[in-house]
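Dear colleague,

Please find below the structure for your files. My notes on it follow directly after.

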Amino acid sequence: MTSYKTINGLKVLLITVLFSFSFLAIGQNFTLNQSDSSLKIFGTSNVHDWEMNADEQKGSISFKDATNAEISKLEIIVTAEALKSGKNGMDKNTYKALNTKTHKQIKYVYGSTTSKEKVSENQYKLTTQGQLTINGVTKPITLSFNMTTNNNVITLKGEKKIIMTDYNVEPPTALLGTIKTGDEVNIVFETKLK
């Protein structure tokens, strides 16, 4: 015989599940969680490969319907001088190339979704169009990423290669120009929004 407590417990569980589902299904805002997110920039030079980490970023995502990956708004902002390589000289050359005294942020703004593929119950592969601003130069960009929803956490994971000179960024040099970085960099991100 089922007890009164068991029935009440099942009711509470069912209400919680339904509430969580409806919470995700309706329009909702999620904010970037800095401590759980990562953004790395990988590049090359005539001497060795290099990488930088974004130590400071912020952003948000809003949905028409999160359960179907229907994004209404997405914006990610990286503080340019929070890009760190672990080498002070390289960081200074990078900030100079990015003109960070004038242009303090690198910014991505979502425009639209051009393709959407459901990978699993809570994961989609999206291709989007948006605008990327670096060094004060804004250009349209196609960005693909996997989007996963889990326990009211949205995870965006992907990578994108860009050409620095497209944004009027002269690839940094060091040691009187004897070390030269390549023009192409690869941005790899895993962004968590709660």
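**Thr127 and its surroundings**

In this predicted model, the side chains of Thr127 and Ser144 form a polar contact at 3.1 Å. Thr127 belongs to strand S8, which covers residues 123-134. With a relative accessible area of 19%, Thr127 counts as buried, because the cut-off for that class is under 20%. Leaving aside neighbours within four places in sequence, Thr127 is in contact with Ser112, Thr113, Thr114 and Ser115, and also with Thr142, Leu143 and Ser144.

**The cavity**

A search of the whole structure returned one cavity of 30 Å³ or more. The volume of the largest cavity is about 550 Å³. Its lining consists of 32 residues, of which Leu39, Ile41, Ile106, Ile134 and Ile187 are the closest to the centre. Sorted by class, the lining comprises 27 nonpolar residues, three polar residues and two charged residues.

**The chain as a whole**

The secondary structure consists of two helices and 13 strands. Of the 194 residues in the chain, 37% are buried, and Thr127 is one of the buried residues. Where contacts link residues at least 6 apart in sequence, 58% of them join residues at least 24 apart.

With kind regards

Terms used. Residues numbered from 1 in each chain as written. Predicted model: local features only at pLDDT ≥ 70, side-chain atom pairs only at ≥ 80, totals over all residues. Heavy atoms only, no water. 1 Å grid on protein atoms, 1.4 Å probe; cavity = no way out; pocket = protein on both sides within 12 Å on 5 of 7 lines; lining within 4 Å. Points joined across faces, edges and corners; volume = space filled by probe spheres on them. Nonpolar A, V, L, I, M, F, W, Y, C, P; charged D, E, K, R; others polar. Helix = DSSP H or I, 4+ residues; strand = E, 2+ residues; numbered from the N terminus. Buried < 20%, exposed > 50% of the residue type's maximum accessible area, 1.4 Å probe, protein only. Contact = heavy atoms within 4.5 Å. Polar contact = N/O pair within 3.5 Å; in protein donor to acceptor, adjacent residues only side chain to side chain.
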